[in-house]
Amino acid sequence: MNYLVRDVRPYGEGEPVDVRLVDGAIAEIGTGLSDGDSRVYAGGGAVLLPGLVDLHTHLREPGREDAETVETGTLAAALGGFTAVHAMANTDPVADTAGVVEQVWRLGQEAGHCDVAPVGAVTVGLRGEQMAELGTMADSAARVRVFSDDGTCVSDASLMRRALEYVKAFDGVIAQHAQEPRLTVGAQMNEGVVSSRLGLTGWPAVAEEAVIARDCLLAAHVGSRLHVCHVSTAGSVELIRWAKSKGWDVTAEVTPHHLVLTDDLAASYDPVFKVNPPLRTAADVAALRAGLADGTIDCVATDNAPHALEDKEAEWGAALPGMTGLETALGIVAETMVLPGRLTWRQVAERLSSTPARIGRLEGHGRPLAVGEPANLCLVDEAAPWTVDAATMATRSRNTPFAGRSLPVGVRATFLRGTPTVLDGAPA
Amino acid sequence: MSRHLLSAADLTREDALLVLDTAEEMALVEERTVKKLPTLRGRTVVNLFFEDSTRTRTSFELAAKRLSADVINFSAKGSSVSKGETLKDTALTLEAMGADAIVIRHAWSGAPVNLARWVHGSVVNAGDGTHEHPTQALLDAFTMRRRLGRVEGLKVTIVGDVLHSRVARSNVLLLSTLGADVTLVAPPTLLPVGVESWPAQVSYDLDAVLAKSDVVMMLRVQRERMGAAYFPSQREYARRYGLDVRRASALHDDAVVMHPGPMVRGMEIAPEVADGVRSTIVEQVRNGVSVRMAVLYLLLGGASPAIGGDA
Ligand SMILES: [Zn+2]
């Protein structure tokens with residue numbers, strides 16, 4: 001089925017145009033295009049962006065299908081405007097072999113809501129001891145290019161150095177969850193004024209920053225690519241800015257929640273606000289926004305982390321860290337970056353689509369809106385505020401920290417290789 | 001007063017004074033041969049203890065019984081408490097039993113706050129993790145007032161493992177509400193990052209503040225802190241921060257020495273000091289019952305118009 005998407009504004013710029021999608025690609029862009037044999041979809045003046053790409057998603061399958069499955073997680077992604085997500089390796093079993101990454105990749109293909117690019121574990125079982133078979137995962141049908149022990153840090157400096165070096169052979173990247181383990185034993189929230197009052201063990205900024213500094217130096221030393229996951233502190237932004245000024249190949253992501261939420265929310269002891277790395281201070285939030293605006297932070301990645309109810313409806317210390325984020329990411333970015341004038345929609349397309357696709361070496365995603373390019377698209381209704389309702393989201397889990405919040409923009413439609421996955425804000 | 005007592009910060013100055021004054025009345029009852037009031041007859045108080053603490057549980061139990069409440073001791077220790085499901089399930093069970101008040105002791109900071117969201121009755125925090133222990137602070141203030149006639153204007157020095165102490169957190173909040181002048185003394189490793197935001201002064205030098213102190217409150221230092229490199233050895237800790245006989249002699253004549261218990265004799269406090277005339281340690285235990293009677297009475301809507309109701 002070919003589509004003619006009428007009345008959309010590429011990158012939110014200029015007058016509305018019509019876009020014809022034929023055989024999975026953009027065939028025509030212009031005004032007053034004829035219907036032909038295409039099915040017509042009214043874009044309603046929406047902003048047209050390339051389909052969003054998430055470098056950091058936890059889909060929980062295999063192992064915790066009660067929290068999320070590839071099917072439900074990728075549907076949530078499509079509803080959030082994503083056409084590709086990178087699925088983190090901390091599943092059960094861990095995605096540390098070609099067999100597991102191919103299984104996850106295949107589940108994504110079968111679900112059909114968006115492409116799933118599995119992330120391979122850096123070390124066997126995420127144990128930080130022995131390098132996993134990274135090359136075999138790279139050569140598998142899943143074509144793994146991003147490797148991460150996310151959830152834990154590759155804290156051994158020698159192992160990190162070798163991993164950074166090793167993946168050069170297949171243009172891979174190590175995505176580091178930067179957390180010095182000895183500085184975060186039992187850590188529950190950002191260490192500072194609020195943690196001192198709440199009696200919760202602190203997770204100091206330095207535990208993130210020390211690892212980022214070390215890894216930047218290691219990446220420079222061996223001439224490798226480093227990607228820093230979920231940067232959360234002002235100090236981390238400074239370090240990455242410094243590394244980039246040296247010309248080192250370092251990229252970084254920030255999550256939507258770290259762009260807007262702060263550690264004082266922990267005062268409720270409601271574990272929906274427990275996340276790793278933890279929510280930081282207002283000064284950190286300001287630095288992250290500035291870093292994302294000036295390009296120090298390359299992209300937004302959700303760190304979507306669904307959890308079953310019993311793992312969140314608990315005492316703060318017993319609850320698991322993590323927040324869902326796929327369905328709310330674009331709304332938060334619009335609220336914090338677009339509406340205040342920090343980013344244009346074209347820059348949003350870079351930071352949520354073309355840049356993460358480039359970092360992940362993902363083909364066919366994050367491409368320009370141009371004739372001949374793959375028809376992976378996202379339509380954004382600019383004046384369509386909606387209120388987040390945890391109970392009605394596509395994700396199987398309910399741990400959104402944004403429940404009850406009004407978000408300023410909504411995803412109107414998502415197309416994956418010319419086929420709609422979302423139309424009028426609902427699954428197609 | 002609000003419906004729950006979760007933090008010493010929940011208490012306004014008026015609330016705190018009302019508790020202390022009510023506790024004075026309760027203390028009179030304890031001097032009678034029949035130490036029982038009919039006030040809470042027909043009401044149910046549950047002691048929900050996820051951590052062993054015979055001393056605190058017994059104190060609350062005695063307080064509730066002296067007010068004629070029905071008391072259920074619900075010890076959750078030993079059952080699986082790693083999952084919060086247990087706390088919520090327990091809360092719903094207690095709710096079904098018609099608990100009017102739940103006194104909770106829990107290893108996780110904030111557990112009483114979570115519990116309060118799941119039940120209709122009053123929740124009293126009897127110590128949560130490294131967060132707070134508000135009735136301890138109330139009984140400490142009550143003890144100071146009985147010994148020294150007032151709390152306002154007193155120079156109170158709190159010494160020891162402030163970082164991990166719920167007693168210190170509640171005391172700092174309550175004492176500042178009541179107008180005392182609090183100084184925290186500890187090795188820097190046992191003070192939380194962010195302590196500069198607390199309504200208290202900080203010193204690393206015990207000898208420098210002792211002579212000016214009206215009250216010295218010694219906190220327990222757990223031996224396992226040594227293994228985690230908070231300080232080099234028990235001997236060095238005792239030498240720098242322990243209240244030994246020599247140090248105690250620097251105190252002025254009326255100054256008192258307090259300890260929330262249980263003590264590590266020879267570590268943070270010398271036996272001669274703990275058992276000396278300045279020591280309020282035994283009074284603190286006795287006063288604990290009076291103060292907890294006052295708290296239960298006020299939260300469960302005693303006759304006074306100044307109390308009860310949702311705030
Ligand atoms: Zn992570």
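Before I start, I call a residue buried under 20% relative accessible area, exposed over 50% and partly exposed in between, using a 1.4 Å probe and protein chains only. This is a predicted model, where local features need pLDDT of at least 70, side-chain atom pairs count only at pLDDT 80 or more, and totals for chains, interfaces and linings use all residues. Residues are numbered from 1 along each chain as its sequence is written, chains are lettered from A and ligands numbered from 1 in the order in which they are written, and side-chain values use heavy atoms, with hydrogens and water left out.

**Zinc site**

Which residues coordinate the zinc ion? I found A:D150 (OD), A:H177 (ND1) and A:H230 (NE2), at 1.9 to 2.2 Å. Donors here are N, O and S atoms within 2.8 Å of the metal (3.2 Å for Na, K and Ca); water is not among the atoms, so sites may look incomplete. I wrote down the donor spacing in sequence as D-x26-H-x52-H. A:D150 sits in the loop between β8 (146-147) and α4 (157-166) of chain A, and A:H177 in the loop between β9 (173-176) and β10 (189-190), so the pair ties together parts that are 27 residues apart in sequence. Helices (H or I, at least four residues) and strands (E, at least two) are DSSP runs, numbered from the N terminus. I checked burial too: A:D150 and A:H177 are both buried.

**Serine in chain A**

I looked up A:S224 next, and its place is in the loop between α6 (205-222) and β12 (226-228) of chain A. A:S224 is buried, at a relative accessible area of 3%. Setting aside neighbours within four places in sequence, I get contacts from A:S224 to A:L164, A:E165, A:K168, A:A219 and A:D249. Contact means heavy atoms within 4.5 Å.

**Helix pair in chain A**

How do α10 (residues 329-338) and α11 (residues 345-359) of chain A pack? I read an angle of about 130°, with the axes 12 Å apart. Axes are lines fitted to C-alpha atoms, for helices over the stretch in contact, and angles run from 0 to 180 degrees between N-to-C directions. In α10(A), A:L330, A:V333, A:A334 and A:V338 meet A:W345, A:V348 and A:L352 of α11(A). I sorted the residues of this contact by class: seven nonpolar, no polar and no charged. For the classes, Ala, Val, Leu, Ile, Met, Phe, Trp, Tyr, Cys and Pro count as nonpolar, Asp, Glu, Lys and Arg as charged, and the others, Gly among them, as polar.

**Helix α12 in chain B**

I then followed α12 (residues 281-299) of chain B, which packs on α5 (residues 134-148) at about 115°, axes 8 Å apart. The contact of α5(B) with α12(B) has five nonpolar, six polar and five charged residues. With α1 (residues 13-30) of chain B, α12(B) makes an angle of about 120°, and the axes are 8 Å apart. Residues of α1(B) that meet α12(B) include B:L18, B:V19 and B:T22. I count this contact as twelve nonpolar, two polar and two charged residues.

**Serine in chain B**

B:S290 is in helix α12 of chain B. Is B:S290 buried or exposed? B:S290 is buried, with a relative accessible area of 2%. Beyond neighbours within four places in sequence, B:S290 is in contact with B:A23, B:M26, B:A27 and B:E30.
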